[in-house]
Number of protein chains: 2
Amino acid sequence: MGLKSFVEVPRDSHFPLENLPFGVFRPKPSSATVAGDSAPPPPPRPGVAVGDFVLDLSVISAAGLFDGPLLKNSKCFLQPSLNMFLEMGRPAWKEARSTIQKLLSADEPTLRDNASLREKSLLPMIEVQMLLPAVIGDYTDFFSSMHHAKNCGTIFRGPENPIPLNWFHLPIAYHGRASSVVISGTDIIRPRGQGHPMGNSPPYFGPSQKLDFELEMAAIVGPGNELGKPVDVNKAADHIFGLVLMNDWSARDIQAWEYVPLGPFLGKSFGTTISPWIVTLDALEAFVCDAPKQEPQPLSYLAEKKHLNYDIPLEVWIKPAGHEHPSIVTKSNFKHLYWTITQQLAHHTINGCNLRPGDLLGTGTISGSEPESLGCLLELTWNAQRSLTLNGSDRKFLEDGDEVIFTACCKGKDFNVGFGTCTGKVLPALP
Amino acid sequence: MGLKSFVEVPRDSHFPLENLPFGVFRPKPSSATVAGDSAPPPPPRPGVAVGDFVLDLSVISAAGLFDGPLLKNSKCFLQPSLNMFLEMGRPAWKEARSTIQKLLSADEPTLRDNASLREKSLLPMIEVQMLLPAVIGDYTDFFSSMHHAKNCGTIFRGPENPIPLNWFHLPIAYHGRASSVVISGTDIIRPRGQGHPMGNSPPYFGPSQKLDFELEMAAIVGPGNELGKPVDVNKAADHIFGLVLMNDWSARDIQAWEYVPLGPFLGKSFGTTISPWIVTLDALEAFVCDAPKQEPQPLSYLAEKKHLNYDIPLEVWIKPAGHEHPSIVTKSNFKHLYWTITQQLAHHTINGCNLRPGDLLGTGTISGSEPESLGCLLELTWNAQRSLTLNGSDRKFLEDGDEVIFTACCKGKDFNVGFGTCTGKVLPALP
């Protein structure tokens, strides 16, 4: 039996008391407000998901219900982003989790029996608008799935030595674009750009003809580190608040033409979508599993005492324009990652690079070994050499009107810990 | 004859009335404050350099002296960064420039004859601490000097086709790390990391053995653009406030081992230094020159009606530990850039990527065609195949204690428009 809340939590909900993911939201304007013309939108504030409701942490905080030693006098839930809370670190995160878990439990009267406070603090999820959970100072994207690295290498550089020699020695990554990270539900305009010419013909310009999704997850950084002070790999978990789903939209034709020698740029920077609810490492603790054995053994700064992943089943669905239902496209799992998020974070700082609260560390596309578990269309259609069929509709790359939906849910014996969805619809390119 | 100010401006000053570069500073704590133990440092505020003084714009603004239509009721100079002012765009920038130029001129009594306001608003430059002029949301680094691209390609990939085919069709760039951009004068700790193994030997770990500077300049973005809405190349100049000097410190051994296939990461992200004074495009107008002819002709979205550069002579000096004077290492010029900053900005947004006020767009290392005009040690020593001599001290790459000093000054007939310096000293790696 899972934990029991006085808030009704449907059996298949992603958000029981064992989860309690954090996000930032604002109430949707009521219809009365919409009719008026000048009311400013209500300010963003932190919240936690429970069943089909959102608990407004600014209300709980203002009511004085965070009474633990770290949060009692803190203004961290009276902010328009989670950054201040992220900076406080795991002791504060655990205190918040335990306070909220108790407050929402079936046998705790404080909130349960206070109708006015309950009404003010528990909002139906359909009546809120989710926003980016944190101000993202920097966004880094890793490349940590071996199957993805091997498949991409084979497609772009041929089957001989598809994985670069360095890949097994360090978690390869590149700096991404922070400004174009958007929240789930934001439409993505098909980018325009230069494509790869054939042979010696000149490059062409136009809408990307190879628009793709990339199935990723991303870590949200908690406390940062000072410039010049690396984080020990065995303490790296204390710098990670939790995980979100991430779609690293990619224009393969733009990317292929631009990426030598300095890496991906415009092929990625037109948009990156994240899911709104940050599932904490504390909630994921129940789904820990061994990470893949690493051979060759990593250098000592990357050798961790506990080399662990999380068993998080991932799915991608596509809903073409006019279709009533989405079709499933792939099933993968976070546990396939060869480099763990703690190794990624330690590597990121080994040169002294400073991380800041709210930084986003993408895992890279997560592909499994099976053909049905590949994390992007580039791999699934082998660069358009074959097609996927979506309930009668063929796909090599994404078409205008396609809605791409990621979801993830850890299934325990008695409860789920889910991530909700990460969605985005492709709009036509500018004329 | 240049413009005349009541503030004494030495003949060789970088900062006459024709320049008026913008920065952010705080007064250095007075010795009395140092003796106390708990006074918080005075808050950062915007300033303008004139001669050996800094004009405190927060004081000028509070005194009501910005009386033009755009700045009259603005709080843009009562901020700890220039971002709000940057967002206001060229009309506000021109209004500020003309107000300040008038206020400081020899025949204008308002400030000249108000001893108390003069004392409050004009601080000796040696009594202020310069800070980052803007909150940098994203930092992008281009690769726009043909000589640099050719030399690096030859060193890393051999003399056949040293410049990748795409280079002549688009301004290649990568996303850099915003968190580790620091202000001139900040020490740089030698990074540690993995180095490139010889043949099949395993990688080594330790302090970088090939620490380098890169002579760059960077544009500071003014008004941004919405996600999905590219900026026209012929309007790109309206999105650029001005230029700073930039040292893109690089660890060549780390970079060489990590950069395939996703580009530079830890080889660069340990520190990037910028000069504190943003010299506006308005001040640089007097030093416009033709940009290099482009062959092949760029695609239409990069074809600009006015294809212009600025004639900005650049110098790099190194002062080894224990030396009394720095030695000159290279002389280059901003005008060598093949891709202009307006082409860079337009390209950056052509896929819909959004820029924000305060974003930093580095030019890439600026090398000229002559051996004495190369913009980094990698080129100057041809990857350590030869040595530079600094007043008796040999250099292949940077050594601990080396202070690297960039400076730039446009020399007009009657006045200079200079950038001051961009400096940083190399400290030993962590043990």
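# Reading a two-chain predicted model

Author: Let's start with one stretch of chain A: over residues 142-426 the chain is 13% helix and 32% strand, and the end C-alpha atoms are 24 Å apart. Helices (H or I, at least four residues) and strands (E, at least two) are DSSP runs, numbered from the N terminus. The stretch comes from a record: UniProt, in an unreviewed entry, annotates residues 142-426 of chain A as "domain: Fumarylacetoacetase-like C-terminal". UniProt positions are given in the numbering used here, feature names are shortened, and annotations may be inferred rather than shown by experiment.

Reader: How are chain B and chain A related by rotation and shift?

Author: In general, two copies of a chain are related by a rotation about an axis and a shift along it. Here, a 180° rotation with 0.0 Å of shift along its axis puts chain B on chain A, with an RMSD of 0.0 Å. That is the relation of a two-fold axis. For this, copies are superposed by least squares on the C-alpha atoms of residues with pLDDT of at least 70 in both. If you want to find the axis, look for B:Gly263: of the residues of chain B, its C-alpha comes closest, at 2.1 Å. Both copies use the same surface, too, since 98% of the contact residues of chain B recur in chain A.

Reader: What area is buried between chain B and chain A?

Author: The size of an interface is often given as the accessible area lost when the parts come together. Between chain B and chain A the buried area is about 5,400 Å², and carbon and sulfur atoms give 64% of that. Buried area here is the accessible area (1.4 Å probe) that two parts lose on being put together, summed over both. As for contacts (heavy atoms within 4.5 Å), 57 residues of chain B touch 56 residues of chain A.

Reader: How many salt bridges are there between chain B and chain A?

Author: Side chains of opposite charge can pair when their charged atoms come close. The count between these two chains is four, with a salt bridge meaning a side-chain nitrogen of Lys or Arg within 4 Å of a carboxyl oxygen of Asp or Glu. One example is A:Arg177 with B:Asp138, whose closest N and O atoms are 3.5 Å apart. The largest share, three residues, comes from E7(B).

Reader: And what about salt bridges over all chains, how many turn up?

Author: A search of the whole structure finds 34. Take A:Arg45 and A:Asp56, whose closest N and O atoms are 2.8 Å apart. A:Arg45 lies in strand E2 (residues 45-50) of chain A and A:Asp56 in strand E3 (residues 53-56), so the pair ties together parts that are 11 residues apart in sequence.

Reader: Where is A:Pro296 found?

Author: Look in the loop between strand E18 (288-290) and strand E19 (308-310) of chain A. A cis peptide bond joins A:Glu295 to A:Pro296, with omega about 5°. In chain B, a cis peptide bond likewise joins B:Glu295 and B:Pro296, again with omega about 5°.

Reader: Which residues does UniProt list for "binding site"?

Author: One annotation in the unreviewed entry covers A:Asp141, A:Glu214, A:Glu216 and A:Asp248. They are spread over 108 residues of sequence, yet they cluster in space, with a largest C-alpha distance of 11.4 Å. Of these, A:Asp141 lies in strand E6 (residues 139-142) of chain A.

Methods:
Residues numbered from 1 in each chain as written. Chains lettered and ligands numbered in written order. Predicted model: local features only at pLDDT ≥ 70, side-chain atom pairs only at ≥ 80, totals over all residues. Heavy atoms only, no water.
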